[in-house]
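I opened my notebook for another look at a model, with the sequence on one side and the coordinates on the other. Here are my entries in the order I made them.

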Amino acid sequence: MLNRRHIRIKVMQSIYAMHQSGSDVLEKQEKFLQASIENIEDLYLILLSSLVEIRNKEIQYIEIAKQKHLATPEERNPNLQFVTNPILVALAENEAIQSALEKRKINNWQINDDTILMLLQVVKQSELYEEYMSKNTVTFEDHSAFVAEMFSELIAPNEKLYSYLEDFKLTWVDDIPVVNTLILKQLKQITEKKNTVSIPPIYKDEEDKDFAIDLFRKTVLNESALAKEFMDKTPNWDMDRIAELDTIILKMAICEFLKFPSIPLKVTINEYLELAKEYSTPKSSIFINGILDNLVKDFQSNNRINKAGRGLM
């Protein structure tokens, strides 16, 4: 579910939170990092289950309408194309999803169905829904395309849903795009022969899981030493005026240079420049690029970089 860049983002945020809280209890902050990463599975399950709950709510509406004393012909014989959509049905009947929701004790849409009602209304008022429901002959590909477009165009970008998720857990702000992309990819992979969705692991492998903790520990435990590496490389900069995120990014990058022999220098530089562009000041990436470039030359000339494997320099 997570790639190395997102792991670096989580580590950066945890170190920043540690600085802001004034805490120096490594174990406490390490638990914060682990919880922040593990909670991404909850976000995934909440967003994926929103599709199931939207369908469930429409089924309830249809049943209530049928029972009206003066039900209209349309209410007695409703168009069931949406609630019988094979993709949505497959998600609703997916035992792995239901089991995970129960295991993680996720009941957001049961205790807060206002968001689901809002999303259902958005869907039913859309041209996408109208066009889909008006089709007389619908192929599996039509059903699949509708669900994918409904999620990508109506649900994922919905501001009220985003606000709800942000208010529920602030650490999800940077995770939402990653999870939305994953869900959309999974929806498009569902076929008539293979209609199950597997819940992906948080980490690609144990190496990535270890990388998250190692990067956090090695950066935090060596912050003073790592800061000294670039302090004399910034003669025209007042250290107190350098953005705090910039100093964290520099420390993490230098930590990778010196303490992670399997990670290529170019990968480290490119990754942290991207973090600087996205999270720090407009000029941060230029500043950080200059510092890291000078440090690499200095470390190499003094044989301080020991990268193992081919093509790692």
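This is a predicted model: local features need pLDDT of at least 70, side-chain atom pairs count only at pLDDT 80 or more; totals for chains, interfaces and linings use all residues.

**Entry: M150 and the core.** Setting aside neighbours within four places in sequence, I found M150 in contact with L51, F82, L88, V123, L128 and I155. Next I asked which members of the largest nonpolar core touch the most other members. They are Y44, L51, F82, F146, M150, L165 and L187, out of 95 residues in that core. I then looked up where the largest share of the core comes from, and it is helix α3 (residues 40–66), with 11 residues.

**Entry: the whole chain.** I stepped back and counted 17 helices and zero strands in the protein chain. The radius of gyration came out at 25 Å, well over the 20 Å that the globule rule gives for 313 residues, so the chain is more spread out than a compact globule. Along the principal axes, the C-alpha atoms fill a box of roughly 85 × 40 × 35 Å. I also noted that 47% of the 313 residues count as buried. Among contacts with a separation of 6 or more, 79% are between residues 24 or more positions apart.

**Entry: H6.** I went to helix α1 (residues 4–21), where H6 has its place. Is H6 buried or exposed? With a relative accessible area of 5%, H6 is buried. Leaving out neighbours within four places in sequence, I listed I40, D174, D175 and V178 as the contacts of H6. I also checked H6 against E271: they are 265 residues apart in sequence, yet their C-alpha atoms are 10.0 Å apart in space.

**Entry: T219.** This one sits in helix α13 (residues 206–221). T219 has 1% relative accessibility, and anything under 20% counts as buried, so T219 is buried. I followed its side chain and found that it reaches the backbone oxygen of L215 at 2.7 Å. Not counting residues up to four places away in sequence, T219 touches I15, L226, K251, M252 and C255.

**Entry: helix α17.** Which residues of α17 are buried? I noted S284, S285, F287, I288, I291, L292, L295, V296 and F299. Seen down the axis of α17, these buried residues fall within an arc of 160 degrees, so they line one face of the helix. I then looked at what the buried residues of α17 pack against, and wrote down α14 (223–231), α15 (244–259) and α16 (265–279). On the other side of α17, I286, K297 and S301 are exposed.

Entry: Just after α17, I stopped at N303, which has a positive phi of about 55 degrees although it is not a glycine. N303 is exposed, with a relative accessible area of 69%. Where does K105 lie? I placed K105 in the loop between α6 (95–103) and α7 (108–111). K105 is exposed, at a relative accessible area of 72%.

Key
Residues are numbered from 1 along each chain as its sequence is written. Side-chain values use heavy atoms; hydrogens and water are left out. Buried means under 20% relative accessible area, exposed over 50%, partly exposed in between (1.4 Å probe, protein chains only). Helices (H or I, at least four residues) and strands (E, at least two) are DSSP runs, numbered from the N terminus. The arc is that of the directions from the helix axis to the C-beta atoms. Contact means heavy atoms within 4.5 Å. A polar contact is a pair of N or O atoms within 3.5 Å; within protein, one must be able to donate a hydrogen and the other to accept it, and residues adjacent in sequence count only if both atoms are side-chain atoms. A nonpolar core is a set of buried Ala, Val, Leu, Ile, Met, Phe, Trp, Tyr and Cys residues joined through side-chain atoms within 4.5 Å. The radius of gyration is taken over C-alpha atoms; the globule rule is 2.2 Å times the number of residues to the power 0.38.
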